[in-house]
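This report is meant for a reader who is meeting the structure for the first time. Please keep the sequence and the model side by side while reading.

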Amino acid sequence: MEELILELKQKIIEALNLEEMTPEDIDTDSPLFGEGLGLDSIDALELIVLMEKNYGIKLANPAEGKAIFKSIRTIAEYVSEHRTK
Amino acid sequence: MELKASKILDIRFSEVDSMNVVWHGSYPLYFEDARELFGEKYDLTYMGFFDHGYFAPLVELNFQYKKPIRYGMHPRIDIIYRPTEAAKIVFDYEIHDPEDESLIATGHSVQVFMDTNYQLVLYSPPFYSEWQKRWGVLSLENRNK
């Protein structure tokens, strides 16, 4: 799980061009949206691509997104459970 | 292949400000004209979005003003489609003076898809994915990232 968490942080930094950030700067349990990392719904569109491309995950219901993208840890838990690649 | 459209801008007198140059706030309309032209050329029109049940609002629009446009000039705007796998429509813009090809301004815009309930659409609508396929914009060599 720790490995996946680090990988997710790296991929999010890359997908969102957060060039000045390192994985250490992103707290695993902090909120990604609003406070915390301060992402917005437009950033979520890049996370959607990241999930599909790297892990073969397509969210069936957009409403799930909110719960899944809450923090790095919630994404990691969802990915490890649902990944198809 | 790169999808690109160009047109010569007709500068209206009302677009010029008291410094006798085109007011910065006129540029968004030039960009919009360019998007409409692009849409007609490549079949990606606002009415097409509506017909499929979507809106495509702008969520990002920026400008770099390099050189003034004066009344009487006939600058050329180029609009270039930037492919992305995300559910977005991304364009870059360049305005040149055809007299000497000097660069007048550059810009960038991002549009997303919204359904008719004003909710953000997370995955590219099927008609847009098909459009991207039709023009081959997501082939490997053309991929933005």
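In this predicted model, the buried residues of helix 4 of chain A, which spans residues 72-82, are A:Ile72, A:Ile75, A:Ala76 and A:Val79. Viewed down the axis of helix 4 of chain A, these buried residues fall within an arc of 100°, and therefore they line one face of the helix. Their cover includes helix 1, helix 2 and helix 3 (64-68) of chain A.

One part of that cover, helix 1 of chain A, packs against helix 4 of chain A at an angle of about 115°, and the two axes are 9 Å apart. Helix 1 and helix 4 of chain A are therefore roughly perpendicular to each other, and their crossing is right-handed. On the side of helix 1 of chain A, the contact is made by A:Leu4, A:Ile5, A:Leu8 and A:Lys9, while helix 4 of chain A contributes A:Ile72, A:Arg73, A:Ile75, A:Ala76, A:Val79 and A:Ser80. Sorted by class, the contact of helix 1 with helix 4 of chain A comprises seven nonpolar, one polar and two charged residues.

Helix 1 of chain A (residues 2-15) also comes within 10 Å of helix 2 of chain A (residues 41-55), as judged by their axes, which cross at roughly 130°. That angle makes helix 1 of chain A oblique to helix 2 of chain A, and helix 1 passes helix 2 in a right-handed crossing. Here A:Lys11, A:Ile12 and A:Ala15 of helix 1 meet A:Glu46, A:Leu47, A:Leu50 and A:Asn54 of helix 2 in chain A. By class, the contact of helix 1 with helix 2 of chain A has four nonpolar, one polar and two charged residues.

| Helix pair in chain A | Crossing angle | Axis distance |
|---|---|---|
| Helix 1 and helix 4 | about 115° | 9 Å |
| Helix 1 and helix 2 | roughly 130° | within 10 Å |

Turning to the other chain, chain B has three helices and seven strands, and from the N terminus on its elements run β-α-α-β-β-β-β-β-β-α. The C-alpha atoms of chain B fill a box of roughly 45 × 35 × 25 Å along the principal axes, and of its 145 residues 23% count as buried. Among the contacts in chain B with a separation of 6 or more, 67% are between residues 24 or more positions apart.

Where the chains meet, nine residues of chain B are in contact with 10 residues of chain A. The side of chain B that touches chain A divides into seven nonpolar, no polar and two charged residues.

Methods
Residues are numbered from 1 along each chain as its sequence is written. Chains are lettered from A and ligands numbered from 1 in the order in which they are written. This is a predicted model: local features need pLDDT of at least 70, side-chain atom pairs count only at pLDDT 80 or more; totals for chains, interfaces and linings use all residues. Axes are lines fitted to C-alpha atoms, for helices over the stretch in contact, and angles run from 0 to 180 degrees between N-to-C directions. Helices (H or I, at least four residues) and strands (E, at least two) are DSSP runs, numbered from the N terminus. Angles under 35 degrees count as roughly parallel, over 145 as roughly antiparallel, 65 to 115 as roughly perpendicular and the rest as oblique. A crossing is left-handed if the near helix is turned anticlockwise from the far one by less than a right angle, and right-handed if clockwise. Two residues are in contact if their C-beta atoms, placed from the backbone, lie within 7 Å. Ala, Val, Leu, Ile, Met, Phe, Trp, Tyr, Cys and Pro count as nonpolar, Asp, Glu, Lys and Arg as charged, and the others, Gly among them, as polar. A residue is buried if 20 or more other C-beta atoms lie within 10 Å of its own, exposed if 12 or fewer, and partly exposed in between; C-beta atoms are placed from the backbone. The arc is that of the directions from the helix axis to the C-beta atoms.
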